[in-house]
Each structure stands twice: as structure tokens, then as C-alpha cells.
Amino acid sequence: MKRIRKTSMAITLSLLAATFTGCSQGSGPAPAGKEAPAAAGSKEPVKFTVLLRAGSEFDPQNNPWVQEINKRANADITWMVVPIANVWEKRNVLMASGDYPEVIIMNTPNDNLYAQMVKNKVLLPVDNLLKDAPNIMKYSNKASLDAVRDPDGHMYQVPRSTIVREDFMGIRKDWREKLGLPVPKTTDDWRAFYKAVATQDPDGNGKADTYGVTESSELMALSGTINLEYFARAWHADKQWYDNGSGEVFFGVFAKDGRFKQALEFYRQLAQDKSLDPDLITNKGIAAKEDKFNKGVTGSMRMFAGKIDSYLNVMRKIHPTAQVELVDFPTAPNAASYSKEKLVSTNSGLYNTWALTTKAKGKEKEIIRVFDWMLSDEGWNILKNGVEGVHYKKEGDKLTYLEPEYGNFSKWIGHAMMFRRPNDEDLWLKKLVPDVYSYQKEWLDKSIKYVPENYQEKGLLGLVSDKEADFYKKDVYTKKFIEVTAQIIYGDLPLTAWDDFLKEVYAAGWEEVTREYNAYYASHK
């Protein structure tokens, strides 16, 4: 059996001759004013370019945050910004052209170019460099570091560790209370809540224009917070690995007993009730779901507890009395039949990684020094809070955020921030809406504790099989999975179509994926 590899995928890219477009760049001299001591390093600022993804709100040109980092880190960084929607496509074209920068973002653990870049010696090993980067080592969790170690023993990526947590469903609490309904606990409760949202005018505008839930058109094939997957958990039919209680593992959504049909039937019922957003199939990505929730089109959305205040900060500008509450996973009528099954964690806490290309040769030590500074006390304060006097002011030990600058900053910093101190509460709880702080903190703590309390973390932690990563690039997953799921939900195909699709899934390689995971799990748990 081919050994499960921790970060790479054995795939050959046909290099295309193409022009890299759709990115913006920015650096610039430090702003005039009070000088701050630069980070230790060479006397001359180290000059390099970083390719990263970010939303349109991040403009590196004449950006005080960019300028402050350059000044204090003794660096001259150019930020090459690629839109989130097509970052990997554009990065791959750039790599094919040979005109790539010193630092590039990586889509670990499923990066379809990683193995090829290592084979062609495009990436520099960084393991010896990280020995002199105490802050990176301190704030990178062990699973992240293990996940970026290549089978050859070297590290070619610097991890951006993030918080390891579970995400729950957020709902419009004010709507639920107006409708006189309890917090939903079962799938039947959820159906009743959604039907009431769609038929009883919870926003009071006299129009039938609200829906229980929406989804991205990518449905379950999307990587990210998926509403349908939240409900699939009721049948252990989500995109998670489970121990079946006898020491074997299976992937919930592709379980051979076809249990995902029950989640599809639930969504099918929502469609019949007209409580499922009819424009679902045209929604692109998570941003579309967020927009509809913020505007009051839908009454729920799966979300990270740390973003409750961010959503409310937008929502209350449209609906001043809006309230949001989080709801734990639902139970299904036949939940007892799954009681012996146990979630198996494969989450290494990675939120992308950074790789140094051959263009960084000769200045790799200085680049790592700058990276390490970003996680120092001085650097971390700038990364998460911005620039004093621009984004916040300090009065004693208290920080007061300055609007609108800080509000704008908070919209793009999540992607532009190259590193994180994963469990820094202040990173997630910004108190943008002070009245929900205590509630938000309660659920943030719960989302973090949920993983060790509900997942078996030994055996598959942080690992992704080569065969699994390869499968996710096939049409059966990227196209047919979406088509079959949507057609079943809308009644164009019978539920039994899922059984036929499962046969295709296993014939396309999932049988080998499952076999490989079981062999590894048996020998490492």
C-alpha cells in the first residue's frame, strides 16, 4: 500500500504558457512620524514579494498597515494580491510562467502543485531555518508542523496555524422568538422552524420573501462551512471520518449504507415546503450565503462563533433589532443506531501555508526573520489590531478601535494576516457588538472544547491521503456530486439515484481511499 502522505498529492501539472492577471501589488515607504525600532536583522531592509489571497477590500497601496510592518520589521514587502475566488488557478498559471515571487501561498493539504514543485526543486526547505524562528515554533501547533513535513523528511512550507474548532448553526433569534418556537433540537424541529420562517413573515414586511436556509451552488463539494453538512451530522453522513465502533473507519457522506440519502431527503422536504432558498443554485461560494443571511433573506447559516459580532455589525445596519444565536447539532429520529460510531479528527489546524521559492535564495534567512517577527509581541499587535492612531488608540491597557478605519481593516485582515496566534481570544472576539460579547465567548469556548470532547484525535490527525486528494479533483466529485445532489433535492432524480452514484464514487477510487485509511488507522491509532 502506498504510504499516506501528510501534505502532498502526486499529480503532474501540464504547464501552461499564460499571463498572470487579476492581482494587485503594493508596498511603499514607512509613513513619516515617530520612528519605531526595526526588528533585528540586516541593516538594509529585506526586499521580497508575497503572493496571497484577499478580498477586494484589501488595497496594499498606501496602506498604513503595510507601511507599519515594513518599518518595524525592517522589510520592503510587496503584496501581490489575488482574488479569493480564483486564487489557486491564478497562482498555478503564475508558477507555470516562471515569473513567480519569493513567497507563495499554498493550499495545504490538498495543493495540486505541491508535489510537482518539490520534485522540480522550486521550493526551498525551511526546516533548518525554522530552528531560528522561536515565535513560529511557539505558535504553530504540533499537528500543523507534522502536516507540513514532507515524506522526504524536510519541510517546504511554513504553517499558518489557526484555531481548531467546530462550527454550529446560527439562527435569527429575534425571528424564532417572534414565531413562538423553541430552539430546534431535532431535524423535525428544524423543518418546523424553517417552514414558519418561510410562511409567517418574521421580518414583518408583509411579503413572502424570507427562507429558512440557503446553500452555495457547489453544495457538498465546496470546502468550507456547509449548511447541508451540518444537518448531515445527524446521521453521521457529513464529510468526516468515523470509527464504526469496531476499529474500522468510513467517510460519512460516502458511507456504503447510503445514509447521506437521509440528509438529502431532509433538504428535499425543505424544498417542498418552499423554505429552501429557490435561488440556491445560483449562489457562488460562502460569501453569497453570508450576504443573504446579513440582509435578512434567510434565517440561518452555519458559522464560526468568533464571527457572530461581525455578522451582527453588518446586519444591524439593515435590521437594528436583529439577534443571532447558535444551535448545537441536531439529532435524527434514528440517532440511536449510530451511537457506537465515533468521529475521527483529521484537522491539523492549518489555514494555508507559505512556501519560499527559489527566487528567495540568498535571503531566505531574512524572510523567515520577518515572518518570525510577525508573531512577536510587537508584530502580533500590528497584525491583529492595526496601526495605533489609525485603527485604534490606547488609553492605559485599554484599546479603543477607531471607526471607520478599524471596521474596514477587520474586513480584510483575516486573509492578509500571514500568521496567527491560534488561541488568542482577542483575535476572534473583537467586541464589534459589545452586547453579545459574553454569549460569543461562551460559544467560542464551546466550539474549541467540542473537538477534544467529541473527536478521537489519534490515528488520522492532520493527514490527507494522496488518493483522497486525487479523487477530489475528479469530475465525479467536482461536477457529478453537485449535479446528483441538486437533482435529488429538487425532485428531478429519485433518492435511489444516490445508490447508483455511490457505485460510481467507489469505482472512481474511493474504495482504495477507504482501504488506505483503514490500513493506516489500524497501525497508528
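The model is predicted; local features need pLDDT of at least 70, side-chain atom pairs count only at pLDDT 80 or more, and totals for chains, interfaces and linings use all residues. Residues are numbered from 1 along each chain as its sequence is written, and side-chain values use heavy atoms, with hydrogens and water left out. Strand β6 covers residues 168–172 and pairs with β9 in the antiparallel sense over four bridges. Strands here are DSSP runs of E with at least two residues, helices are runs of H or I with at least four, and both are numbered from the N terminus. Two strands count as paired if DSSP finds at least two bridges between them.

**Three strands form an open antiparallel sheet in the order β9-β6-β10.** The edge strands, β9 (300–303) and β10 (324–327), each pair on one side only. From one strand to the next, the twist averages 35°. Strands of a sheet pair through backbone hydrogen bonds, either parallel or antiparallel.

**Helix α11 (residues 285–294) lies across β6, β9 and β10.** Its direction runs at about 130° to β9. Helix α17 (residues 437–454) packs on the sheet as well, touching β6 and β10. The direction of α17 makes about 20° with that of β10. Axes are lines fitted to C-alpha atoms, for helices over the stretch in contact, and angles run from 0 to 180 degrees between N-to-C directions. Contact means heavy atoms within 4.5 Å.

**Four strands form an open sheet of mixed pairing in the order β8-β7-β11-β15.** Strands β8 (249–251) and β15 (455–456) stand at the edges with a single partner strand each, so one side of each is left without a neighbour in the sheet. Strand β11 (residues 342–344) pairs with β15 in the parallel sense over two bridges. Leu343 stands opposite Tyr455 in β15.

**The axes of helices α8 (residues 187–199) and α10 (residues 260–273) come within 10 Å and cross at roughly 20°.** The two helices are therefore roughly parallel to each other, a term for angles under 35 degrees. On the α8 side the contact is made by Thr187, Trp190, Arg191, Tyr194 and Lys195; on the α10 side, by Phe266, Gln269, Leu270 and Asp273. These residues divide into four nonpolar, two polar and three charged. Ala, Val, Leu, Ile, Met, Phe, Trp, Tyr, Cys and Pro count as nonpolar, Asp, Glu, Lys and Arg as charged, and the others, Gly among them, as polar.

How values were computed. Parallel < 35°, antiparallel > 145°, perpendicular 65-115°, else oblique.
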